[in-house]
Amino acid sequence: IRLGVRYLEKAVFNLDYGQLKLVFHALEERKQVIENAPHLCHALPCMTPCFNWFEVVYYWMGLKMYDLVAGRHILHLSRYYSVQESIELFPTLARNGKDKSLRGTVVYYDGQMNDSRLNVGLACSAALAGAAVLNHAEVVSFLKDEGSERIIGAKIRDNLSGQEFETYAEVVVNAAGPFCDSVRKMANKDAQSMICPSSGVHVVLPDYYSPEGMGLIVPKTKDGRVVFMLPWLGRTVAGTTDSNTSITALPEPHEDEIQFILDAICDYLNVKVRRTDVLSAWSGIRPLAMDPTAKNTESISRDHVVCEDFPGLVTITGGKWTTYRRIIFSMAEDAVNAAIKSGKLSPRNECITGNLRLVGGDGWESSSFTVLAQQYVRMKKTHGGKVVPGVMDTASAKHLSHAYGTLAERVATIAQNETLGKRLAHGYPYLEAEVAYCARNEYCESAIDFIARRSRLAFLDTDAAGRALPRIIEILAKEHNWDRSRQKQEMQKAREFLETFKSSKNAQFHDGKHK
C-alpha cells in the first residue's frame, strides 16, 4: 500500500539518486505485481487535499512528475478536482481546517495489495515450482566446512515438534527481515549490524471514515511526515509513524503513536475522530539497510542491500514489499544471482518470475465471484445441530474470489459439502471453510497463523478475532488432531498475541452486513 510519493519528493529536492532509483523500480514493479496476482492487487485512487493555490500547483506538478517517472507502467493519469468534486468523491473530507479552506484536491493512482494472501501465494507458488517450504522452523546454528570454514548448511529446529535436524546447501540465503543481523552473528559473532529498525504504526477504523474506492494522502503533517487513510478489506487503515525502535518478535504500538495518527487525520476530516473507534492498532518493524552516517530512519533509503560477508551466506535486507521481485534490480533476483555467483552454480534458465502468475491468478477475472454466488450455497449447522442452507451472498463470494482467486471454488465446496459455511465473526466475510482449507493447503499450523497470516482478521478487528478464536481452534484441532492441552495452549498464545494490538482499548464495531 502507498508507493513512493515521499521518496520521489526527497529524490528531487535532495538530488538523491538512490531514492529516485527506488521509486522508479517500485513503479515498474507495481504494474507487474498487479498482472501477476490480479485477484490480490488492484489500482487505488489516492486524494491529496490542497489548502492554498500554491499547494494545488505544487502537488499537481509533483504528481505529474510521478506519472512521467511511471512512464508506460502508469496505472491512470493523475488529475485535479474542484472542492465540490472532491467532497462528492470523499464525503468525510473537511472543507475547512484550522485557519484554512480547501482549494481542491489532486488525485493519483497507486497500487494496493492483500499482503498476507500475497505472501501465502508466493510460498504456495514456490512449492508448486518444486521448492521445499517449511514454516515454524528456526535456524539454531550453521554447519561449516572444516577446511575452508565456508557455510555448507544449517541445523534447524521444528518449533512445532521440537525436533532438530541438519540440512545442507551450496549457498544459504539470509532473508530474515529485521532479524537478519542475529542470523549473521551466528556465522560471525563480530559482524557489524546492517539493520536500522524503524517502527511503523497503523490503526484500523470503521469503513465510514473513508469511501470504498478512494484513499487520502496527507504529504505534510505537523512534523513533516506523510499520513494516509485508505479503504482496506472493508475497513479504513490509517498510518503511519517512522521512528527508531528495538527489534522484538511482538512489537506493540505506543498509545502516543496511535493518538498521533488520530490527531493527524482529524485535521482533514469532518468526522469526529475517536480513540474508541479504533478497531485494531499494530506496530511493524521495517528492516532498513543502515547507512552509518544517517542520523534518523527517515533519511535512510528503502532500497535493498545484498552482500556475502561470510563465505556461503548471502544476506539480503532493506527494500520494500512492493519491490520484492523487480525484474532488473530485484531483491529476490539480486539475492539469487548472488547465490549463483557464491556457489558457482549453473542455472538451467533465466529468471522466469517476471510473467509468472501466482497460484490462483491464472485465468482469474473480476467477475469470477459470480460463479460462486450462482453455483454454491453455504451449509451451516445451528446451535441445535440442525443443518440449514445459506445463500452464498455477494460479500462472501467476492471475498473468496479475491482471497483465493481461481481456487475459491475449492473453499466454496468445503463450505457446501462439509457444513462449514458459517461466518467466523459477525461483520466479516471470513468463513469456517477457510480455516479447514488453509490447514490442508496453506501450511496453517496455529490459530495465529489463520487470524494474522492467512486472513487479516486480527489486523482488522481484534475484538472480532478474539470472538472467532474458539471456533477457529475447534476446526484446526479436528484438522491436525490436537488434544485438549494443545487447544488450550493455542488459545493462550492467540490471546497474548491479540493483546499486542492494544485490544483492551479498541472498539467493538458491528456493521450488520454479514450474518
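Colleague: How many disulfides does a search of the whole structure find?

Modeller: The search finds zero disulfides, a disulfide being a pair of cysteine sulfur atoms within 2.5 Å. Please note that this is a predicted model, in which local features need pLDDT of at least 70 and side-chain atom pairs count only at pLDDT 80 or more, while totals for chains, interfaces and linings use all residues. Residues are numbered from 1 along each chain as its sequence is written, and side-chain values use heavy atoms, with hydrogens and water left out.

Colleague: Is Cys180 buried or exposed?

Modeller: Cys180 is buried, its relative accessible area being 0%. Buried means under 20% relative accessible area, exposed means over 50%, and partly exposed lies in between, computed with a 1.4 Å probe on protein chains only.

Colleague: Now to the charges. How many salt bridges are there?

Modeller: The count comes to 21 salt bridges, where a salt bridge is a side-chain nitrogen of Lys or Arg within 4 Å of a carboxyl oxygen of Asp or Glu. Side chains of opposite charge can pair when their charged atoms come close.

Colleague: Which residue forms a salt bridge with Arg157?

Modeller: One partner is Glu138, with the closest N and O atoms 3.4 Å apart. Arg157 belongs to strand 7 (residues 151–158) and Glu138 to strand 6 (residues 137–144), so this pair ties together parts that are 19 residues apart in sequence. Helices (H or I, at least four residues) and strands (E, at least two) are DSSP runs, numbered from the N terminus. Arg157 is partly exposed at 26% relative accessibility, and Glu138 is partly exposed at 36%.

Colleague: What about Arg275 and Glu255?

Modeller: Their side chains meet in a salt bridge at 2.6 Å, N to O. Arg275 sits in the loop between helix 7 (255–266) and strand 15 (280–289), whereas Glu255 is in helix 7, 20 residues apart. Arg275 is buried at 16% relative accessibility, while Glu255 is partly exposed at 25%.

Colleague: And where does Arg274 come in?

Modeller: The side chain of Arg274 meets that of Asp277 in a salt bridge of 2.7 Å, N to O. Arg274 counts as partly exposed at 39% relative accessibility, but Asp277 is buried at 5%.
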